[in-house]
Amino acid sequence: MGGLARRVSYIKAFRHRSNGEVPALYLDAGNLFTDEKFINDQLPPEILAKNRWVVKGYSEFQHDAANIGFADLPYAAELLKKDGYEQRVSELSFIKKLTSANIHPADDSKIAPAPYLIREVMLKRGGTERKVRIGIIGLTEAGQILVAQKQNRYAGFTIEDPFQAVKNILPEVKSKADMIIVLAYMSEDQAKNLANGNPEINTIIVARQLSSTNEPQHYSNATITVANNQTKYVGELRYYFKGDGTIENQINRYVGMDPVIPDDPAALEIVTNAHNDFTNQQNNATQSNIQPTAMLGGSGNGLFVGAAKCASCHQEEHKIWENSGHARAMATLQKNGQQLNNACVGCHVVGFQRGGFQSLNTTPQLVNVQCEACHGPGKFHAEKPQKGYGFMATPQGCVQCHDKTNSPNFNFSTYWTKIKHGKAA
Ligand code: HEC
Ligand code: HEC
Ligand code: HEC
Ligand code: HEC
């Protein structure tokens, strides 16, 4: 939801500025929802609430298409449930904007998303009007978790090889559209292969990168551009057409959603409501007797105690941890002069922006990847030790930090061997 109010106002202003003569499509390349704490095939209530507000927010404003990325699947599974589907769609129009050509419901309890969408726009500049039909195809890679487990099923969907899926669908899309855009939740390298193997594709918008503000690249007939995964930027891809209606050029730029851009009042109201609702749900989860499921700390204002506390009862585990790289994660940032960079500290400390680490001055006891970064806030457990605290799903919990960008060689079994502790040790 971050930046929604500015994005909405920017897009409205763009449409207004061009007098409605330059058609604009508002697309999303994937990774809209969070699968944070997706354990035993369920998302906890506060995460459901967060995702529900995203759908609500996006339904109010004029999205044209959105790709279902791998991490979107647990919540997409809720949206696409057959049970109550028509009712849901009538309330949340955004559901119909979701597209994926390579995810398929694993059973008949869910509706398949549209493999592609066709959007028509009118080109009005230069005197004559011309209709252009745009085919939009969604694709996702199978996440690392599945690759590691040699599976192709997640959250009740099977994930077909995206290269095969696109080959199957392209002839049909080509017959209905003048140009083709692929929204691709995959690496840039995979997108290059996609372009090289499929000359029908005009544009590939790649998500799945930490951030990029590079020039678009050209492979085969396609222009590849990267969606910045932070909501701080809107990527703008402009098409220039020749007289015969074919594309002459595609140029991108990234517009910073900084305070110069006013908030759209209606969107701001939704964001505020979303924030309140999420915070309430989070408090409920924290206060209920059931500890929030542990993964990257859950939610826990003031509920993190630090590893020294755990050490008083778990000496063995503490010794193993002390000798691991996790215990030196802050020193690593300091060596690189990045200890104050918020884009870095999140994975190198305990519970950043989740009620844990705030700064080196105020919360020095929560630096490094300590016990509670994996087991969740431990205050209640340390006061009254009981079974049931601290289960961490693996490898899901690990790859929140050990993602492709920051830990390209991550392999659960070899990595776990290095930090193995507890009963499993
Ligand atoms: C006062 C002593 C004490 C402290 C402090 C303590 N623990 Fe424990 N912990 C225990 C005991 C005792 C058990 C076993 C409970 C049982 O089996 O009934 C346990 C169990 C666990 C378990 C396994 C839970 C399960 O379901 O089997 C984990 C994980 C754990 N502790 C992590 C931690 C972490 C992380 C900290 C620091 C935040 C911590 N503990 C602090 C005493 C403590
Ligand atoms: C909160 C983020 C976070 C989580 C969750 C996390 N790691 Fe790490 N891990 C790191 C960071 C940061 C480093 C680099 C530490 C350094 O060297 O500065 C690291 C380093 C490692 C290393 C290399 C260091 C060594 O001791 O050899 C291993 C192995 C490892 N992690 C295994 C795991 C496994 C297995 C899991 C899941 C059970 C996991 N990690 C979960 C952040 C995390
Ligand atoms: C998404 C989580 C995440 C973020 C964000 C992150 N790191 Fe890390 N970092 C890790 C993990 C996980 C490792 C361990 C990688 C491994 O050993 O496979 C690591 C390791 C490192 C290492 C040690 C690499 C080595 O080979 O010894 C350095 C240095 C580092 N990070 C610096 C940074 C800096 C600087 C930033 C911010 C620009 C940053 N990290 C942001 C998770 C993260
Ligand atoms: C990188 C993530 C990570 C860190 C850091 C970490 N653990 Fe664990 N721990 C796990 C995982 C994964 C397991 C095995 C699965 C589970 O029980 O959650 C485990 C298991 C345990 C168990 C045994 C639970 C059981 O039922 O067998 C205890 C106790 C424990 N950890 C305590 C600690 C303490 C104390 C620290 C800090 C000194 C710590 N852990 C640091 C991930 C971590």
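Predicted model: local features only at pLDDT ≥ 70, side-chain atom pairs only at ≥ 80, totals over all residues.
Which residues of helix α6 are buried? Residues are numbered from 1 along each chain as its sequence is written, and chains are lettered from A and ligands numbered from 1 in the order in which they are written.

Now to the helix. The buried residues of α6 are Pro162, Ala165, Val166, Leu170 and Val173, where buried means that 20 or more other C-beta atoms, placed from the backbone, lie within 10 Å of the residue's own. Helices here are DSSP runs of H or I with at least four residues, strands are runs of E with at least two, and both are numbered from the N terminus. Helix α6 covers residues 162-176, which makes 15 residues, and its span from first to last C-alpha is 21 Å, close to the expected 21 Å; the expected value is 1.5 Å times one less than the number of residues. At Leu170, shortly before the proline Pro171, α6 has a kink of about 40 degrees, the bend being the angle between axes fitted to the seven residues ending there and the seven starting there.

Let me step back to the chain. Its domain assignment gives domain 1 (4-256) and domain 2 (290-424), with bounds that come from an automatic or database assignment. Taken over C-alpha atoms, the centres of the two domains are separated by 34 Å.

Next, the sheets, where two strands pair if DSSP finds at least two bridges between them. One open sheet has three strands in the order β1-β2-β3, with parallel pairing, and its edge strands, each pairing on one side only, are β1 (27-28) and β3 (98-99). Strand β2 (residues 65-67) is joined to β3 by two bridges, and Ala66 stands opposite Leu98 in β3. Another open sheet, also of three strands, runs β4-β8-β7 with antiparallel pairing, and there the edge strands are β4 (103-105) and β7 (153-154). Three bridges join β4 to β8 (residues 157-159), and Pro105 has Phe157 in β8 as its bridge partner.

Finally, the ligands, where a residue counts as near if its C-beta atom, placed from the backbone, lies within 6 Å. I will also sort residues by class: Ala, Val, Leu, Ile, Met, Phe, Trp, Tyr, Cys and Pro are nonpolar, Asp, Glu, Lys and Arg are charged, and the others, Gly among them, are polar.

Around ligand 1 there are 18 residues, of which Cys310, Cys313, Gly378, Pro385 and Gly390 come nearest. Helix α13 gives the most to this shell, with three residues, and by class the shell has seven nonpolar, eight polar and three charged residues.

Ligand 2 has 22 residues around it, with Ser324, Gly325, Thr332, Cys398 and Cys401 nearest. Two or more residues come from each of α11 (329-335), α13 (371-375), α15 (396-399) and α16 (412-419), and the largest share, four residues, is that of α16. This shell divides into 11 nonpolar, nine polar and two charged residues.

Ligand 3 is surrounded by 17 residues, the closest being Gln338, Cys344, Cys347, Asn406 and Ser407. Helices α11 and α12 (342-345) each supply at least two residues of its shell, which divides into six nonpolar, 10 polar and one charged.

Key
Buried ≥ 20, exposed ≤ 12 C-beta atoms within 10 Å, placed from the backbone.
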